[in-house]
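Trainee: I have a structure open and I'd like to learn how to read it. Could you walk me through a few features?

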Amino acid sequence: MKKHLFIIICLLLSVFCVNAADKKFIKVTTDGVELVFQVGQNGRLYQSYLGKKLSYDTDLNYLPMGTEAYLTHGMEDYFEPAIHIVHNDFNSSLLLKYISHSAHQLATGVDETVITLQDEKYPVTVKLHFIAYAKENLIKTFTEITHQEKKAVKLQKYASSMLHLNHSKYFLTEFAGDWAHEANMTEQPLSFGKKVIDTKLGSRADMFVSPFFLVALDKESEENNGEVLVGSLGWTGNFQFTFEVDQNNGLRIISGINPYASEYTLNPNEVFRTPEFYFTYSCSGKGQASRNFHDWARKYQVKDGDKTRMTLLNNWEATYFNFDEEKLVALMDDAVKLGVDLFLLDDGWFGNKYPRQSDRQGLGDWDETKDKLPHGVGYLTEAAKKKGIKFGIWIEPEMVNPKSELYEKHPDWVIHLPNRDEYYFRNQLVLDLSNPKVQDYVFGIVDNLMTKYPEIAFFKWDCNSPITNIYSYYLKEKQTHLYIEHVRGLYNILERVKAKYPNLPMMLCSGGGGRTDFEALKYFTEFWPSDNTDPIERLFIQWGFSQVFPSKTMCAHVTTWNKNTSIKFRTEVAMMCKLGFDIKLSDMNEREATYCHEAVQNYNRLKPVILDGDLFRLVSPYEGNHTSSMYVSKDQKKAVLFAFDIHPRYAEKLYPVRLNGLDPNKMYRVNEINKVQTMPMRPGMNNPLDNKVYSGDYLMTVGLNLFSTRQLNSRVIEIVAE
Ligand code: DGJ
């Protein structure tokens, strides 16, 4: 009997020991990155490590305990908390202890770890989710908050993620700007205290700043060297990133919905699921971090991330609101001459009581304007079909002009204050997407168009106003839920659209780049980075967005902005992303039109490399008068190199540009394409970019003379392994 008891005690002890050992370190790992948590003697969860994956588990024992992983309000740490909750008894403290964790595989190369924390005094549970994408070295995190208190609690703060870093120096890059001036990169050192990047616009939320950042560790960020963390929040609404350096020079990064004016009443057993935060950690600079994001986005996040994209001709800049059937059909002929896949009809085709002749009226009334389109959209889809191209259409379904039938019929569907004068942004107001009836209506806009005109092959979904006059007739006493429920309502609509029309490509547009997040891109194949299509500005804007977004998601159109630049220059800037045109052929001469046609053909041939290859940014436009980037196919057999001289100095000294991403042991044929012969070649002149064979080693060690002292000059070079 005694012997049995002894064996049982030993067994129990061994089980306990295994659990204790298991509990000690919780690892979230990819092929190259590791995030390690530890449970302290006090039962609380600490983040002990974030960085390059460690080779030996035995070394984990040497890791410091670190900082409390998901910091709560009201306890002994005096810095910014990740969560702040007010209980039924008005006590607002929370002390989370480790309860359990589990790990399981979601797919090959994708593993999820869930850590469950609970408060001993209040029945509040917090689950931290980490989904690790092994090959892409990207980790997706989100948090679930729930409780079983008697009545609802108040959530004041509810971060998606909290990360801790411990380095000598931190340099933060933010991506701020304004309409037509998006995603400017500015790098600044972080020292003691807080830096907050956030938005309060509600809708068109990213107009002033995009929801991603880059933190370089120990030294300023570099393209191919140094440690950087790049993070992004998937939330198409108000977001907030807080970077706080504490008294020990530790950096705490809190990411999530902006809690501004958004106290959330959480009912017992309701789960508050935060948006997802995605991050990667690179030890070889921001170039690698971008490639991690691009690979992950194409494979796991963006709608049809693995499919190709259509080239198009859009009529917006060619006609603005001033068009009729004849003009549109003539533009379709231009599309055919250019050789693009699709014609896209933009704003101005709808409204009868208040025809949409300008942005002052008609928004919300989605019937074709009889004067402009007497035969309806069907006539246009038919015309496009006859010409062998596809047809796409613009909508702005979440918005309304006060001068519209929709507003007259349903003023309570509109976000506006019941007791004050209205004020407008672009003469319009935002529909209240928290209201399920409004969600049905917005879904119906797409559904009706698709039912009536199944030939529609593409949507451009615009969103031009932030939330103004904030008040929801639907939410009544829950006004502080509006910013959140509005975005959730948008996702409900987009889910329904995606479920019913899974193969319908859509462009996400928001007065240019006012919506640039990865959650939205689950429903959109691409986005419009900026209304600014001046190619010089675009070199910067595209450079900024390329830090996290793959080229196939970024629409770039050739327009008449900046006529000082040649059509060649404008087209080649656009060719670095998803190529389109927003111009009439009559804006070009014969030679330019022929050039564009050839460029489209070249683009179609090079699309697999440009859209699905690895991006290597070679020379930054922020550094001077020239810029260059290249794309390399995954098998390193093909590459496309772009080079631009912006405003070179007279007699400037030029240096070769070292290429990147090629196989040093392969021989590559290098050939300049898209050429426009402006000057006859002198006999005997030997262009080193014309049909020459170099080793990858040479191209990456010595490089090529890509730049010139010519103003606004551009070059595209095709590189093919022999
Ligand atoms: C803003 C968009 O960014 C433009 O491309 C265009 O679609 C206009 N809206 C139309 O109103």
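Trainee: Let's start with M630: is it buried or exposed?

Mentor: Buried means under 20% relative accessible area, exposed over 50%, and partly exposed in between, using a 1.4 Å probe and protein chains only. M630 has 0% relative accessibility, so it counts as buried. Keep in mind that this is a predicted model: local features need pLDDT of at least 70, side-chain atom pairs count only at pLDDT 80 or more, and totals for chains, interfaces and linings use all residues. Residues are numbered from 1 along each chain as its sequence is written, and side-chain values use heavy atoms, with hydrogens and water left out.

Trainee: Which strand holds M630, and what does M630 touch?

Mentor: Strands are DSSP runs of E with at least two residues, helices are runs of H or I with at least four, and both are numbered from the N terminus. M630 is found in strand β33 (residues 626-632).

Trainee: How do I read a pair of aromatic rings?

Mentor: A ring pair is described by the distance of the centres and the angle of the planes. Here, rings of Phe, Tyr and Trp (its six-membered ring) pair if their centres lie within 6.5 Å; planes under 30 degrees apart count as stacked, over 60 as edge-to-face and the rest as tilted. By this rule the count comes to 43 aromatic pairs. In one of them, F241 and F243 are tilted, at 6.4 Å centre to centre with 55 degrees between the planes.

Trainee: What kind of pair do F241 and F277 make?

Mentor: Their centres are 6.4 Å apart and their planes at 65 degrees, so the pair is edge-to-face. The pair links distant parts of the chain, with F241 in strand β17 (residues 239-245) and F277 in strand β21 (residues 276-282), 36 residues apart. F241 is buried at 0% relative accessible area, and F277 is buried at 0% too.

Trainee: What about charges over rings?

Mentor: A charge sits over a ring if NZ of Lys or CZ of Arg is within 6 Å of the ring centre and within 35 degrees of the ring normal. K200 lies over the face of Y260, 5.2 Å from the ring centre, and R538 lies over the face of W528 at 4.8 Å.

Trainee: And how do I read strand pairing?

Mentor: Strands of a sheet pair through backbone hydrogen bonds, either parallel or antiparallel. Two strands count as paired if DSSP finds at least two bridges between them. Strand β35 (residues 667-673) pairs antiparallel with strand β36 (residues 692-695) over four bridges, and R669 stands opposite V693 there. Six bridges join β35 to strand β37 (residues 713-721), also antiparallel.

Trainee: Which domains does the chain have, and how much area do domain 1 and domain 3 bury between them?

Mentor: Domain bounds come from an automatic or database domain assignment, which gives domain 1 (9-301), domain 2 (312-613) and domain 3 (617-721). Buried area is the accessible area (1.4 Å probe) that two parts lose on being put together, summed over both. Domain 1 and domain 3 bury about 510 Å² between them, 26% of it on carbon and sulfur atoms.
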